[in-house]
Amino acid sequence: MKNLVVLTGAGMSAESGISTFRDAGGLWERYPVEQVATPEGYAANPELVINFYNERRKQLLDVRPNRGHELLAGMEGSFNVTVITQNVDNLHERAGSSHVIHLHGELTKVTSSRHPNDPRYIRELRPDEYEVKMGDKAADGSQLRPFIVWFGEPVPMIETAIGFVRKADVFVIIGTSLNVYPAAGLLYYVPEGVPVYLIDPNEVSVASARKVTVIRKGASEGVAELKKMLSE
Ligand code: OAD
């Protein structure tokens, strides 16, 4: 089977009702990114940050994977699918995707404030634990923090992601403005000659001279179209 590698961003989950970041009315318009998505913001006001992610986490209980997530999961019948996502929701997994790499962390997990990337302290929350409080401690005694990669922090999963991108036979980008690195740079590792598709209802500027087949549609319709194109 061919390797289908998919890079997804917030637009993938938009049709499930989760806001994107940079579109009009997006999250970063309502919450200053420096406050809720940087280590400095967390140091300045941990409670605000913990509550921001508590809200995001609770939203997971109200949303469902959309047709786009489901169609992608269904493509595992014809391809070795690797989903590399910038999203911190769990909608790819819930739709049935079996190989998902989260570049920016996962809402359903928490970790140590002191050693956020130490696997000994990363823990999956049960839905009844989704509300983290000040004073809740990781196994090393530090405040429990969201397992989210904030701006200015290393992206430990990028090397793993690059390894899969290098072996791609087809590369697909869905619902990301390609503003955030290193995720946006994954395109550079796609081997020469490998077809690249981009699904997004809006124009996305791709910082590469590479030929990209653009499917100017939302995720659900766009993945349906992609499936057709790949089976032709
Ligand atoms: P952005 O909000 O920057 O971009 C969302 C993209 O989704 C845009 O290109 C939209 O046109 C597109 N879009 C909107 N509706 C869509 C739909 N129905 N179907 C498909 N696409 C749609 O989000 P990201 O590129 O994911 O990081 O942002 C990257 C990172 O920046 C995030 O992971 C987050 C953020 O700050 C952290 O929090 C660390």
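Visitor: Where is Leu-178 found?

Guide: Leu-178 lies in the loop between E7 and E8; such labels denote DSSP runs numbered from the N terminus, with helices (H or I) having at least four residues and strands (E) at least two. The model is predicted, so local features need pLDDT of at least 70 and side-chain atom pairs count only at pLDDT 80 or more, while totals for chains, interfaces and linings use all residues. Residues are numbered from 1 along each chain as its sequence is written, and side-chain values use heavy atoms, with hydrogens and water left out.

Visitor: Why does Leu-178 count as buried?

Guide: Buried means under 20% relative accessible area, exposed over 50%, and partly exposed in between, using a 1.4 Å probe and protein chains only. Leu-178 has a relative accessibility of 11%, and therefore counts as buried.

Visitor: What is the phi of Leu-178?

Guide: The phi is positive, about 55°, although Leu-178 is not a glycine. Most residues other than glycine have a negative phi, and most peptide bonds are trans. In the loop that also contains Pro-182, a cis peptide bond joins Tyr-181 and Pro-182, with omega about 10°.

Visitor: Why is Gln-59 called partly exposed?

Guide: Gln-59 has a relative accessible area of 23%. Gln-59 belongs to helix H5, residues 46-59. Beyond four places in sequence, Gln-59 touches Gly-17 and Ile-18, where contact means heavy atoms within 4.5 Å.

Visitor: How do you know that the radius of gyration agrees with a compact globule?

Guide: The radius is taken over C-alpha atoms, and the globule rule is 2.2 Å times the number of residues to the power 0.38. For 232 residues a compact globule would have a value near 17 Å; the protein chain has 18 Å, which agrees. The C-alpha trace spans about 55 × 35 × 30 Å along its principal axes, and the chain contains nine helices and nine strands. Buried residues make up 50% of the 232.

Visitor: What makes up the largest nonpolar core?

Guide: A nonpolar core is a set of buried Ala, Val, Leu, Ile, Met, Phe, Trp, Tyr and Cys residues joined through side-chain atoms within 4.5 Å. The largest has 23 residues, of which Ile-84, Leu-103, Phe-171 and Leu-186 touch the most other members. At least two residues each come from strand E1 (2-8), helix H8 (158-166), strand E7 (170-174) and strand E8 (196-199). H8 gives the largest share, four residues.

Visitor: Which residues is Ile-84 in contact with, leaving aside neighbours within four places in sequence?

Guide: Among them are Val-5, Leu-7, Ile-101, Leu-103, Ala-161, Val-165 and Leu-186. A second, separate core of 19 residues includes Val-81, Val-100, Ala-219 and Leu-226.

Visitor: Where is Leu-230 found, and which residues is it in contact with?

Guide: Leu-230 is in helix H9, residues 219-231. With neighbours within four places left aside, Leu-230 contacts Leu-4, Met-75, Phe-79, Val-170 and Tyr-197. Across the protein chain, 63% of contacts between residues at least 6 apart in sequence join residues at least 24 apart.

Visitor: How many positive and negative side chains does the protein chain have?

Guide: Lys and Arg count as positive and Asp and Glu as negative, whereas His and the chain ends are not counted. On this basis there are 25 positive and 29 negative side chains, and the centres of the two sets lie 3 Å apart. Each charge is placed at NZ of Lys, CZ of Arg, CG of Asp or CD of Glu.
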